[in-house]
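Below are some notes on the model for a first reading. Please keep the structure open while going through the numbered points.

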Amino acid sequence: MMRPDLVQLHSLLKQYFGFGSFRPLQEEIIRDALSGKDVFAVLPTGGGKSLCFQLPALARPGLTVVVSPLIALMKDQVDALQAAGVPATFLNSSLAAGDSAPRLRGLHNGEYRLLYVAPERLMLSGFLDDLKRWNVNLFAVDEAHCISEWGHDFRPEYRQLATIREMFPGVPMMALTATATERVRGDIIKQLHFGEAVCYVASFNRPNLTYRVSGKAGAYEQLLEFIRARTGESGIIYCQARKTTEDLARKLNEDGVKSAAYHAGLESRERSRNQEAFLRDEVRVVCATIAFGMGINKPNVRFVIHHDLPKNIEGYYQETGRAGRDGLPGECLLLFSPGDRVKYGRFIDEKPDPKEREIARAQLEQIVHYAECATCRRSELLGYFGEKYEQENCGACDNCLVPRATWDGTVAAQKFLSCVYRVREKNGFGVGIMHIVEVLCGADTEKIRKFGHESLSTYGIGAEYSRAEWGTIGRELVRQGLLHQNPDHFNILELTDEGRAALKSRQKITLTKPVTAPEPSKHQAGEIACDEALFEQLRHLRKRLADERSVPPYIVFSDVALRQMARFYPQSEAEFARISGVGEKKLREFGSDFMNQIKACLATNARQIFAEESFGETTTPVRSRLSDTVRETLHFFQQGSDVAKIAKIRGLKEGTIYGHLDEALVAGETIALDRLLDTQAKDDIAAAFAKHGFGNLGGVVESLGGRYLHGQCRIFRTASQRGLLG
């Protein structure tokens, strides 16, 4: 069977999902899947992972089986697919026997394109026999990090999926996750027996999110002030203890903030009810343990707060990623107390498995480092996943927006470094940070007496600081490279060459003051500028239509779509179809209701005028700065080199150079377009796009018979969409 071409894929994308273009890497992943290759993709939360297997399911006959770890995820995605006109279903333990039978009948009759199923159900022998009769053309393993014990949410049942390769040798597989370090990525590929898989790793950067860490001081009052400053916005508060979720939800409700608790200890019906209330905007805030959120596709979560220290960076990244999935601004606040580290350290010590303890300790040190660091938090997060953030200041984290004060920590550092030296000198081996802290504070512990550390010259010389403060000082000395924590030997401290030199020379050492609770500040929302009164009217209409259909409001339309409607006031079907997320089915089902509401608003209110901006532009999150390779190409171009010369200098193809210039154009850089497109080229390419449409770049290139390169046509499209061609 012939693979679907670009025209068909773009047509399906608009018809069912209402989008005019793909997000980064989606098109490449989809094309490889359709060509029968195994694909492994790491895309950030909100980066469009689901579309990577949903669109191929529509592009050819047969059934795509999606392995998903949570029941809530299955129902959520199937509801959204059915609302868009896609034949999809799920099978899991939440269904009564009477509900499963018609779905199984439909699967036997080939009525569905997508089936969502849990790994436990998938691996039942009878179910596998059924799959062999259902013409399966793709297995998609969602939340694939669950298969790795080095991942943050290891699930043993996922390991069974490796046998799928043996039972269905001719069926390609796709594995997708939002959070995986290089080590976890390798483990996933190994566990799923991906021999020649094509791997895609998108940027982990979420440019629309702001990251802040605040010292925990009167946590409830901090939360309440934060939430009250964000009237009408939805958010999630993550807590470690079940009781904390219930206490916070109760207090917030008493203070007028509609809230609900969510944790694994609640009765199943209550959990589902609370989750549904949040999805339907009936409660603003969910106070939850990490049991909540995996795969919850609520796009308008505006903030995520961590009331307690997360257990690891991967979990923190994934949980913060539930804010701003629609591309609009989201805020991430972590309340940090050094005491959290001590508390979680005790929990780790109680784990019976030595390997589990080793992994957990390493993960704890990494998240504490993130919380205490004075450098760009975005850079720290991306660096953890092996990605370098090129800018010194991201402009969207507390450390970049308001750098923390520093102090002369020379004396404190000398005491700490000297204590590390004296311990090793006496015993011939090192100890961990907290033992050094105990020596400095003059503690009387069994371990200190056992090793004779009460006789050290550094014993009890640190009374001016608390244990927590000394711990913070020690960890910063590690970050500065004066000390090294050996992860292979229980994180014992060792003086580095730099540390020995600093101790000997008594050089000045500057330390950073720890994170503290900030002064109250007014929240500034940075969303798509629109007619706010009309936006509220459209929200109420969306809620009514969603309630009539028993689905969450975002299944009808996203906040992005409503804000575009309240900005551009579409009055015809053609105009309404240009709104982000409006496909054929939603245009038929909802178009007249929303256009009538817009018309009624304009009958009594003047149309507001906003800065010139085309449909769809506002759906794109703020882009990060250009990569080094794009910036280098741009430099040569701005110095007067043409595309052919740049390609020769850099040893790249001309098409790659055109791609760099197009990326720079999208990012707002000034490009001398006349050097790339003469008048004749502009006229010819414009006529081709007028005939084939901006969504059909491949068709345009082909129709021009090789007279113009793919890159030239791509740049023309970008320039035209941005109004740069005059």
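1. His 193 is a place to begin: its relative accessible area is 41%, so it counts as partly exposed. Here buried means under 20% relative accessible area, exposed over 50%, and partly exposed in between, with a 1.4 Å probe and protein chains only. His 193 sits in the loop between α9 (182–191) and β7 (198–201). Although His 193 is not a glycine, its phi is positive, at about 60°.

2. Before going further, note that this is a predicted model, in which local features need pLDDT of at least 70, side-chain atom pairs count only at pLDDT 80 or more, and totals for chains, interfaces and linings use all residues. Residues are numbered from 1 along each chain as its sequence is written, and side-chain values use heavy atoms, with hydrogens and water left out.

3. Ser 550 also has a positive phi, of about 55°, although it is not a glycine. The loop between α23 (532–549) and α24 (553–556) holds Ser 550. With 43% relative accessibility, Ser 550 is partly exposed.

4. Is Ser 641 buried or exposed? Its relative accessibility is 9%, so Ser 641 counts as buried. Ser 641 is in the loop between α28 (628–638) and α29 (643–650). Leaving aside residues up to four places away in sequence, Ser 641 touches Phe 636, Ile 646 and Arg 675; contact means heavy atoms within 4.5 Å.

5. The protein has 33 helices and 17 strands. These are DSSP runs numbered from the N terminus: helices are H or I with at least four residues, strands are E with at least two.

6. The largest nonpolar core has 112 residues, of which Leu 122, Leu 131 and Phe 139 touch the most other members. Such a core is a set of buried Ala, Val, Leu, Ile, Met, Phe, Trp, Tyr and Cys residues joined through side-chain atoms within 4.5 Å. Helix α3 (residues 51–59) gives the most to this core, with seven residues. Nine of the nine residues of α3 are buried, so α3 is largely enclosed by the rest of the structure. Among these buried residues are Leu 51, Phe 53 and Gln 54.

7. Leu 131 touches Val 65, Leu 122, Val 136, Phe 139 and Phe 168, when residues up to four places away in sequence are not counted.

8. On the whole protein, 53% of the 726 residues count as buried. Among contacts between residues at least 6 apart in sequence, 73% join residues at least 24 apart. The C-alpha trace spans about 85 × 70 × 60 Å along its principal axes.
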